[in-house]
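Here are my notes on this model. Please read them with the coordinates open.

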Amino acid sequence: MIHHKIVTIERHIIEGERAHPGATGDFSGLLRDLTLAFKVIWREVSKAGLVDILGLTGNQNVHGEQVKKLDVFADETIYRAMDHGGHLCVMASEENEDVLHIPENYPTGKYVLLYDPLDGSSNIDANVTIGSIFSIYRRVTPAGRGSMQDCLQPGYKQVAAGYVIYGSSTMLVYTTGDGVHGFTLDPSIGEFLLSHENIRIPRRGKIYSVNEGNYRWWFDPVKKYVKYLQEEDKATSRPYSARYIGSLVGDIHRTLLYGGIFMYPGDSRNPDGKLRLMYEGNPMAFIVEQAGGKASNGERRILDIQPTKLHQRTPLFIGSEEDVTICEEFLQGKRDLQQRAAS
Ligand code: AHM
Ligand code: MG
């Protein structure tokens, strides 16, 4: 009989922390609180389509209360799960303009949490995969309530990042800088169990993922690169297949497991693209790099960008190392369609 060890996420986090002498247990406490918030969000997301059948009419539920939109619900769930644990000094969420302070009556701690509570929420009504994304930093201010300064740190300073994908099964994927590990939720026991240890992204893939509807606004180097991916060349598995969900977590999760490239380029309408550096670019870049991949804004490493605004956007090219490198060569004018023989 094959014997698989059952490892819950909680045990995985605690064992990871034990490996670091001097760890206070603060960090595992933080991740435990966060995991609970994700289970609560999962519970609501998984019954999204039942709202009408269960007699919830319009904007009111059976108790006559206003039914919150799922993204607002997810936002509040994470904040409420994290505001009183004493691990954090400040938070910021994609859903809120300003930083989120810890209430005065609760203790503060040494970490900072940035999160996108429910990404891809335009996909909910069609039962398409959505996700939550998080990013954790150590505070830089010495004590007390945290501030904007604690939030505006470059991505390479992240101490952990992860996402939850609410898909055909629900998974939590995270890194603390020691590889990338995936846990699948067993709904019958309500636990995330280790299912994907040490995920490695293939060095080169066969899939590209981009909203090609924006083609007319793309800059020429992006057009050329996508044309390159569509050319025939057996040695490099071209043409690549196109896959685009329109849910970052789903598109990145597939890219992580199958390889290839996901892009949201800047274009003539939106020079910085659509995605947010702090809530989407940085956490995904940390995860993909930890799996052996690469993430760039076309000019430089995403994780090296010094943020100036909480909600700033960035072009994003992310995935297999070789694919992102070739993409950068096109974007930087170091490569053209003519030079197809090179790789
Ligand atoms: P959201 O924060 O409004 O949900 O938007 C983010 C989503 C990402 O999940 C996805 O990668 C992207 O927007 C898709 O954008 P588009 O519809 O322009 O292709
Ligand atoms: Mg988002």
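1. Conventions. This is a predicted model, where local features need pLDDT of at least 70, side-chain atom pairs count only at pLDDT 80 or more, and totals for chains, interfaces and linings use all residues. Residues are numbered from 1 along each chain as its sequence is written, chains are lettered from A and ligands numbered from 1 in the order in which they are written, and side-chain values use heavy atoms, with hydrogens and water left out.

2. Helices (H or I, at least four residues) and strands (E, at least two) are DSSP runs, numbered from the N terminus. Asp116 is buried at 1% relative accessibility, and Glu280 is buried at 3%. Buried means under 20% relative accessible area (1.4 Å probe, protein chains only).

3. Gln158. This residue belongs to strand β5 (residues 158-166). Gln158 is buried, at 5% relative accessible area. Its side chain makes a polar contact of 2.9 Å with the side chain of Ser135. A polar atom of the Gln158 side chain also lies 3.0 Å from the backbone oxygen of Gly155. A polar contact is a pair of N or O atoms within 3.5 Å; within protein, one must be able to donate a hydrogen and the other to accept it, and residues adjacent in sequence count only if both atoms are side-chain atoms.

4. Pocket lining. Helices α1 (9-18) and α2 (26-45) each supply at least two residues of the lining of the second largest pocket. The most comes from α1, with four residues.

5. Helix α6. Nine of the 11 residues of α6 (residues 248-258) are buried, so the helix is mostly covered. Among them are Asp251, His253 and Arg254. Just after α6, Gly259 has a positive phi of about 85°.

Notes. Buried means under 20% relative accessible area, exposed over 50%, partly exposed in between (1.4 Å probe, protein chains only).
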